[in-house]
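Student: I would like to go through this model one feature at a time. Please show it first.

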Amino acid sequence: MEDPLFASLGAFPRLVCGLSARQHGTMTAAADPARKAQVIQNFQRYFASIDLAAANAVRCKQAHGATVAAVAAAQRGTAVRDTDGLVTATPQTFLAVTVGDCLPLYFYDPKRQAVGLAHAGWRSLQQGIPAATVRQLQDQYGTSPSDVLVGIGPGIGPCHFLVGPDVAERFAAFPAAFTRRADGTLALDLKAVAALQLHACGVRREHIETSSDCTACLSERYFSYRRDRPAVVEAMVAVIGLR
Ligand SMILES: [Zn+2]
């Protein structure tokens, strides 16, 4: 057994919380339909490796927005369109999003037995996807934000995420997430932005666990668009659900 992604979420035996690695192959064919058969095989093998039926997965066609859909058994085996976040309270329904450098955000409400998963790059963070996911959990399942546990990452760290003024100005509300380097460039810590947004919508600081793994630093383990600039985007799949 591998170490859990997050110690906090790993403490719940029924909760599955995973992220594929480079060794499992790319999990997105969005930019290259010719890869579709290979991606399906990679996806099925990864699910089998963590003892899950790939047929029970609900995926989404990600749009770098902040739309979060509530799903149940009927959506198993489908991909929800124009959506970057999913929530469910149905067991054996495994939410899946693909991530390269964007952050996976894993949500679990142990009181309501509800889970959520979001794909959060800077565009989705700017549009407030952490709060949108919490709101869906509240609206659909009666979740209280103070009960929600969240795991942030792995994803690109401030060591590799340099931003220009166009991106920086959109995150002006989070000065603590920026560092100015000696050469004058500006680095943004997306994980810190996500944590600040979560806290602002009622998630307790002690319920937020952030992975220190930077996808661009750890080239053996993760795909990274910013590092590799591949002609065709390669990505991992993040998954959460209740057995
Ligand atoms: Zn890095």
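Student: What covers the buried residues of α2?

Tutor: This is a predicted model, in which local features need pLDDT of at least 70, side-chain atom pairs count only at pLDDT 80 or more, and totals for chains, interfaces and linings use all residues. Residues are numbered from 1 along each chain as its sequence is written, and side-chain values use heavy atoms, with hydrogens and water left out. Helices (H or I, at least four residues) and strands (E, at least two) are DSSP runs, numbered from the N terminus, and contact means heavy atoms within 4.5 Å. The cover of the buried residues of α2 includes β1 (15–19), β2 (57–60), β6 (94–99) and β14 (236–242).

Student: Why do the buried residues of α2 line one face of the helix?

Tutor: Buried means under 20% relative accessible area, exposed over 50%, and partly exposed in between (1.4 Å probe, protein chains only). In α2, V39, N42, F43, Y46 and F47 are buried, while A37 and R45, on the other side, are exposed. An α-helix has 3.6 residues a turn, so residues three or four places apart point the same way. The buried residues of α2 line one face because, seen down the helix axis (by directions from the axis to the C-beta atoms), they fall within an arc of 130°.

Student: Which residues coordinate the zinc ion?

Tutor: Donors are N, O and S atoms within 2.8 Å of the metal (3.2 Å for Na, K and Ca); water is not among the atoms, so sites may look incomplete. The donor residues are spaced C-H-x53-C-x2-C in sequence. At 2.1 to 2.3 Å, the zinc ion is coordinated by C159 (SG), H160 (ND1), C214 (SG) and C217 (SG).

Student: What arrangement do the four donor atoms around the zinc ion make?

Tutor: Four donors count as tetrahedral if all angles lie between 85 and 135 degrees. Around the zinc ion the donor atoms subtend angles of 103 to 122°, so the arrangement is tetrahedral.

Student: Is C214 buried or exposed?

Tutor: C217 has a relative accessible area of 42%, which means partly exposed. For C214 the relative accessible area is 4%, so C214 is buried.

Student: What is the bridge partner of F178 in β12?

Tutor: Two strands pair if DSSP finds at least two bridges between them. β11 and β12 (residues 186–188) run antiparallel and are joined by three bridges. They belong to an open sheet with the order β10-β12-β11. In β12, the partner of F178 is L188.

Conventions. Tetrahedral: all angles 85-135°; square planar, octahedral: opposite > 155°, others 65-115°.
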